[in-house]
Amino acid sequence: MRALVTGGTSGLGLAMASALADAGATVALTGRSGARASAVAADLPGAVGLELDVRDEASVARAVDRAWSQLGGVDLLVNNAGIGMRTVNPRFMTEPRGFWEVPVDGFRAVIDTNLTGYFLMVREVTPRMLAAGGGRIVNISVSGSTMHRAGFVPYGPSRAGSEALSRIMAADLRDTGVTVNLLLPGGPTVTGMLPLESVPDGRRFLEPAVMGPPIVWLASDAAAGVHDERIVAAEFDRWLRDRP
């Protein structure tokens with residue numbers, strides 16, 4: 001399995017890239033800093049690091065070209081690169097702001113990264129997968145409550161949009177050999193997006209490693225043909241047992 005993981009230098013992306021590499025996949029992970037991506041990849045077996053700004057079409061094309069060349073193709077795209085509420089309101093957990101207070105530049109930055117970035121990646125990768133006869137795309141999302149919670153513009157709308165994009169992609173790609181699925185942690189997760197110093201004491205958070213088992217399974221032979229599913233990582237074992 002040859003996997004391309006965007007936003008793979010930290011948080012959920014690094015957890016998934018690490019799990020895939022440990023399971024034997026050849027992984028290309030990306031970050032806005034090529035040097036940092038290469039340094040992180042050096043700690044994973046057989047991995048490579050690539051510079052990528054998902055907001056920029058030329059950067060996307062270059063990174064995908066390099067991944068295809070260095071890995072000999074890409075079987076799995078994990079669309080994960082994103083930015084959170086901290087970019088528009090560092091105290092969003094304790095001092096939420098109304099949508100009318102959100103800076104326009106901040107709104108655009110989050111949408112461009114979390115939604116347009118997903119689109120640019122799949123737009124570049126999908127024709128190549130179709131030409132190769134198949135492939136797998138996994139789009140990372142968040143819990144539904146984040147999409148309508150007070151004070152969560154623009155992050156909530158960006159993730160709601162990415163879910164709609166994913167579902168439409170799945171409809172467009174049905175029966176083509178390219179599968180599309182959604183994967184989300186299942187609750188607030190300890191990443192750079194979450195200001196731990198600003199949350200109530202005693203609140204429980206998930207660790208990024210929760211994403212490891214489901215992404216490894218989605219890359220496996222057992223998941224061949226699995227399509228248009230929304231998988232919650234924290235509930236993965238139960239979901240797997242209950243599958244028809």
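In this predicted model, E124 is partly exposed, with a relative accessibility of 22%. E124 forms a salt bridge with R128, and their closest N and O atoms are 3.5 Å apart. The two residues stand four apart in helix α4, so about one helical turn separates them. R128 is also partly exposed, at a relative accessible area of 23%. A salt bridge joins R128 to D65 as well, with the closest N and O atoms 2.3 Å apart. This pair links distant parts of the chain: D65 lies in helix α3 and R128 in helix α4, 63 residues apart. In total, eight salt bridges were counted.

Another of these pairs is R230 and E163, whose side chains meet at 2.8 Å, N to O. R230 sits in strand β7 and E163 in helix α5, 67 residues apart. R230 is partly exposed, at 36% relative accessibility. E163, at 13%, is buried.

Helix α3 spans residues 57-71. Its 15 residues reach 21 Å from the first C-alpha to the last, close to the expected 21 Å. The buried residues of α3 are S59, V60, A63, V64, A67, W68 and L71. Viewed down the helix axis, they fall within an arc of 160°, so they line one face of α3. The face turned away from this buried side carries the exposed residues R62 and S69. The cover over the buried residues includes β1, β2, β3 and α4. At the N-terminal end, D56 caps α3: a side-chain oxygen lies 3.2 Å from the backbone nitrogen of A58. G72 follows the helix, with a positive phi near 80°.

Conventions:
Residues numbered from 1 in each chain as written. Predicted model: local features only at pLDDT ≥ 70, side-chain atom pairs only at ≥ 80, totals over all residues. Heavy atoms only, no water. Expected span 1.5 Å × (residues − 1). Buried < 20%, exposed > 50% of the residue type's maximum accessible area, 1.4 Å probe, protein only. Arc of directions from axis to C-beta. Contact = heavy atoms within 4.5 Å. Polar contact = N/O pair within 3.5 Å; in protein donor to acceptor, adjacent residues only side chain to side chain. Salt bridge = Lys/Arg side-chain N within 4 Å of Asp/Glu carboxyl O.
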